Amino acid sequence: MSAPAPAPRFRGIVSGALLLVASGLFGYFGTLPVPLGAGLALGLTGAALALRAQARARLRAIAPVPALAALLVAALASPLGLLPELLAGMAGLAFLAWLADDPTRPAGGLGRARMTLLLPALALGIAWASALLLPSRAAPIGVAGGLLAGALVALAILIARPGAFDREEATI
Amino acid sequence: MSEALPPAAGLRWTPLAFLLLAAGGALLVGGVAVRSPVPLFLALPLLLAGPAAAFGGPRGPPAIRVERALSGSLMAVVLEGRAEVDERTDPLDLEVSLSDPEGLTPTAPPSIRRTDRSLEFEFRWQAREPTITLVPSPRIVWRDAAGLVERTAEFAAPPLVAERHPPEIVRIGAVRLRRTLAVPGETRSHRVGATGEFYGLREAAPGDPSRHINWRASGRAGRLLANEYLLDRTGDVLLLLDARGSSLGPAVDERLLALSRAAAAGIATSFLREKARVGVGLFGEFLSVVPLGAGRAQEMRVRSRLLKARLGPPGVPSERGAVAVSRYFPPGLTTILFSTLADDSSVDLVRHLRRRGYPTIVLSPSSIPLEAERGTLPADDEALALRILRLARRTQVDRTWQEAPTVDWEDYWSLERFVELLRRPATRRLG
């Protein structure tokens, strides 16, 4: 296979910085000691950014793995509360934005991925607003769990039948 | 040539989408396990991103119209193309990829330019040695900006054929060949020129050599007249490829066979353009042939058969090849044999052909440049090894010369010696 052109090194800096900040804050507010929590989150996210800057396509392909690992560790070690919930959602969106701003793809990825970002952002907004406004402490888990269950059922159907997305006849 | 459609044109989830799904599932389980809503809030965007990307993209396979063309010089092969997309597809989300064709090495990263409604691409390769190879259709894929879902574009584009051979091959068609059938069909091709049988008179032109001036006719006419000659350029030729495996090993054998295929394709094209009749034989385990024929259809048949030529097993008896040739082709047919001459059985094939009345000329691609490429020994030992290889090769070529004129083809980008040999009167008498 012909090798693709090398990626411009300075593209994707803004989304990378956003992911670094979101994941660092997420780790900082966790239950782990600050040097460990924030350090682990920043270290893994930094590793993801470094992998994406590599010229070899195989290394670039595994760049999302350490970034996801950082978010997973931070989420499982996070205390209960509205701020960590908001930070978790924002970190997830920052991760998606970083994925869309791939320097090896044509510029403007963030704009073209608006649907990929807006739909989860809308769901997050509903879930977080419910957690904020509903009185009971058990309510946020219920609302978020209900949303997740619905999303998972929809996902199971859609992933099992990708043809469900094929509705229009393409013509030229 | 058959048209090729890329497989699986529906929506596909990429490995990244599955990674996000797995992470989302793990967070869901983790959130329930630690009785915390925070992992659920992180899981939500990860789980929803894939379907959201699918809803945001085209709802069917992108319809694309592709135009391509091959160009390049002696060794360079350039594929330039343009894909026009429908209004529902953003060219910025299209990715083009193409496997490197056999025998071609990429010399530059692919160049891809996108405009509002189209995508222009350019792939550049270099042929290491003469080659004839299929350049497949590029794979054009729509992929969402986050890289979670993709659809392969549908378009019909048959593979193109890239041919690169030594430049002298274009002159080879001018060689006079012997005709083996009294009524060969509509393949007559005459050329009026400076050689051949006497044809007529014309006004002398500045630069005509004095021996072309017909002095008697000039004396009668009172002005200078020159002789014109008629050359009958049609004839028959068999291109026989010895595709049996040899002691050189499959890797070297494959490359040498690829060289022979390229040379055979070039020589066939050159003779067919002169309206000669060309037949092809591929002797692997058995003989497969393209019977003698002329014209553009024959050119396509020959090219198609050569592209399918594959290496046969070693140890196939040489006599089988010669006997099979005599079933399909008349004796006396000028035969160009492509053989590595790596083993004694290659020489045996020449002998058997000659005994059955086929005047044969051997074009033997040498394995020495390929051995030199490997260079596994220290420099001094390598030089010594190559000298020994050359001596052994020369001995083998000399042995073959006793049976038929033989050209040791070591400089792959030149067939000068072969063309010169064919044009020599002594060799022509073979035909």
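Guide: Keep in mind that this is a predicted model. Let's start with the backbone oxygen of Ala404(B), which lies 2.9 Å from a polar atom of the Thr406(B) side chain.

Visitor: What makes the pair Ala404(B) and Thr406(B) a polar contact?
Guide: The cut-off is 3.5 Å, and the distance here is 2.9 Å, so the pair falls within the limit.

Visitor: Now the two chains. How do you know that Arg105(A) and Glu95(B) form a salt bridge?
Guide: Their side chains meet at 2.6 Å, N to O. The limit is 4 Å between a Lys or Arg side-chain nitrogen and an Asp or Glu carboxyl oxygen, so this Arg and Glu pair qualifies. The count between chain B and chain A is 2 salt bridges.

Visitor: Which element gives the most to the side of chain B that touches chain A?
Guide: Helix 2 of chain B, with 18 residues. That side of chain B divides into 42 nonpolar, 9 polar and 14 charged residues.

Visitor: How much area do chain B and chain A bury between them?
Guide: About 5,300 Å², 75% of it on carbon and sulfur atoms. In chain B, Val38(B), Phe41(B) and Arg59(B) lose the most area to chain A, together 15% of what that side buries.

How values were computed
Residues are numbered from 1 along each chain as its sequence is written. Chains are lettered from A and ligands numbered from 1 in the order in which they are written. This is a predicted model: local features need pLDDT of at least 70, side-chain atom pairs count only at pLDDT 80 or more; totals for chains, interfaces and linings use all residues. Side-chain values use heavy atoms; hydrogens and water are left out. Buried area is the accessible area (1.4 Å probe) that two parts lose on being put together, summed over both. Helices (H or I, at least four residues) and strands (E, at least two) are DSSP runs, numbered from the N terminus. Ala, Val, Leu, Ile, Met, Phe, Trp, Tyr, Cys and Pro count as nonpolar, Asp, Glu, Lys and Arg as charged, and the others, Gly among them, as polar. A polar contact is a pair of N or O atoms within 3.5 Å; within protein, one must be able to donate a hydrogen and the other to accept it, and residues adjacent in sequence count only if both atoms are side-chain atoms.
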